[in-house]
Amino acid sequence: MSSELQQVTHIDNVRLGDDEKSVVIIDQTQLPNRTVYLTLRTPQEMYDAIKLLQVRGAPAIGICAGYSIYALARQWDITDYAAFAEKFHEAKEYLNSSRPTAVNLSWALNRMEDVVKRSSGKSVAEVLDLLGKECRAIHQEDIEMCRKISEYGLSLIKDGDGILTHCNAGPLATSRYGTALGPLFLGKEKGMEFHVFSDETRPLLQGARLTSYELQKAGIDVTLICDNMASIVMKNGWVQACFVGCDRIAANGDAANKIGTSGVAILAKHYGIPFYVLGPTSTIDLNCPDGDHIPIELRDESEIREKWYAEPMALSEVKCYNPAFDVTDHSLIAGIVTEKGICRAPYTESLAALFAEK
């Protein structure tokens, strides 16, 4: 494996600061032209990093959230357990309000708070030690998860296949190989070749700025296309499978992912191309019955009207509708790939079975 491939598949995009009172991230809004590291120390900086997509991708958000709440707790001059637990809850709720759709954010923060709740009777120093172990465990588990998802996903494709993906679900969005892109990086390590069509993913262009960047750097054949070109490359027979990530999966298999994903799934169904959703079990929300119950984040209108442009592309009076995500109906999904295996319809049964296993 080349050193360049190693660098991209194992990119150090989120880590705990050396002082354990800060979090260091790659500012993904600066890619691909600049690699800028940010050190987050305050609640506002951590909130903004998630809200402004400086760190993004459901697993990476979860890792960042775990490290952030721990780093903040290490800054407090509090020795009383009750006062510590109250302040911890306030900080957790604040960070959790930064983005509503990606369930990994609340999952990681709740997991950290559970450590505090279970530690009643312990000293604050002991609680901090346990929190440090927990946030590191979240990160390590994600590394192992990425490898397993990559292996299961690789079993669905063969050497020479064309793969279409939407948004970014590679190493930058996780901790190692990624979810939707993971099988491609793992296949590359094994000597396999793929051709990837990367949707640009408007309005924030994660496919153009991040996915094509990761694949090109790793030596994987990639072609960047506009979102409205997916249909023609499918019709031309250049796509054998669609791989996408997810931010939340409902109990019935409906999956929320970056806006435009459901359109890709509808096209894939029309052309007889299998459409797969790849994500960790931490993105599965069995308390959410279906996609209608997934909250969809609405973002600022300026992202459509003026972001990336030297001057606005629409009049300031023009209204813009800017949902960050849409929901792909479970009937369009050929399989949901997790670190525990590949789930097939009926998803109400296969997803629940993942959590029933001991």
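C167 is buried, with a relative accessible area of 5%, where buried means under 20% relative accessible area, exposed means over 50% and partly exposed lies in between, using a 1.4 Å probe and protein chains only. This residue sits in the loop between strand 4 (162-165) and helix 7 (182-189), and C167 has a positive phi of about 70 degrees although it is not a glycine. The model is a predicted one, in which local features need pLDDT of at least 70 and side-chain atom pairs count only at pLDDT 80 or more, while totals for chains, interfaces and linings use all residues. Residues are numbered from 1 along each chain as its sequence is written, and side-chain values use heavy atoms, with hydrogens and water left out. Helices (H or I, at least four residues) and strands (E, at least two) are DSSP runs, numbered from the N terminus.

**Backbone features**

- Most residues other than glycine have a negative phi, and most peptide bonds are trans.
- L53, in the loop between helix 2 (43-51) and helix 3, is a residue other than glycine with a positive phi, near 65 degrees, and L53 is buried, with a relative accessible area of 7%.
- A cis peptide bond with omega of about 5 degrees joins L31 and P32, and P32 belongs to the loop between strand 2 (23-26) and strand 3 (37-40).
- The peptide bond from R202 to P203 is also cis, with omega near 0 degrees, and P203 is placed in the loop between strand 5 (195-199) and helix 8 (206-217).

- Two strands pair if DSSP finds at least two bridges between them, and 7 strands make up an open sheet in the order 6-5-4-7-10-13-14, with mixed pairing.
- Strand 6 (221-225) and strand 14 (341-343) are at the edges with a single partner strand each, so one side of each is left without a neighbour in the sheet.
- Strand 7 (residues 241-244) and strand 10 run parallel and are joined by 3 bridges, and C242 has F275 in strand 10 as its bridge partner.
- Helix 10 packs on this sheet, where it touches strand 4, strand 5, strand 7 and strand 10, and its direction makes about 145 degrees with that of strand 10; here contact means heavy atoms within 4.5 Å, and angles run from 0 to 180 degrees between N-to-C directions, with axes being lines fitted to C-alpha atoms, for helices over the stretch in contact.

**Helix 8**

- Helix 8 lies across strand 4, strand 5 and strand 6, and runs at about 165 degrees to strand 5.
- Helix 8 has 12 residues and reaches 16 Å from its first C-alpha to its last, close to the 16 Å expected at 1.5 Å a residue, where the expected span is 1.5 Å times one less than the number of residues.
- Just after helix 8, G219 takes a positive phi of about 75 degrees.

- Another open sheet has 4 strands in the order 11-8-9-12, and its pairing is mixed.
- Its edge strands are strand 11 and strand 12 (325-328), each of which pairs on one side only.
- Strand 9 (residues 255-258) pairs with strand 12 in the antiparallel sense over 4 bridges, and A255 has T328 in strand 12 as its bridge partner.
- Helix 10 (residues 261-271) packs on this sheet as well, touching strand 9 and strand 12, and its direction makes about 30 degrees with that of strand 12.

**Helix 3 against helix 4**

- Helix 3 (residues 58-75) and helix 4 (residues 81-96) pack at an angle of about 140 degrees, with their axes 10 Å apart.
- In this contact, S68, I69, L72 and A73 of helix 3 meet F84, F88, A91, K92 and L95 of helix 4.

**Two residues and their surroundings**

- W107, found in helix 5 (residues 103-117), is partly exposed, with a relative accessible area of 30%, and W107 touches I138 and S282, not counting residues up to four places away in sequence.
- T283, in the loop between strand 10 (275-278) and strand 11 (284-285), is buried, with a relative accessible area of 0%.
- With residues up to four places away in sequence not counted, T283 touches A58, V103, N104, C246, D247, R248 and I249.
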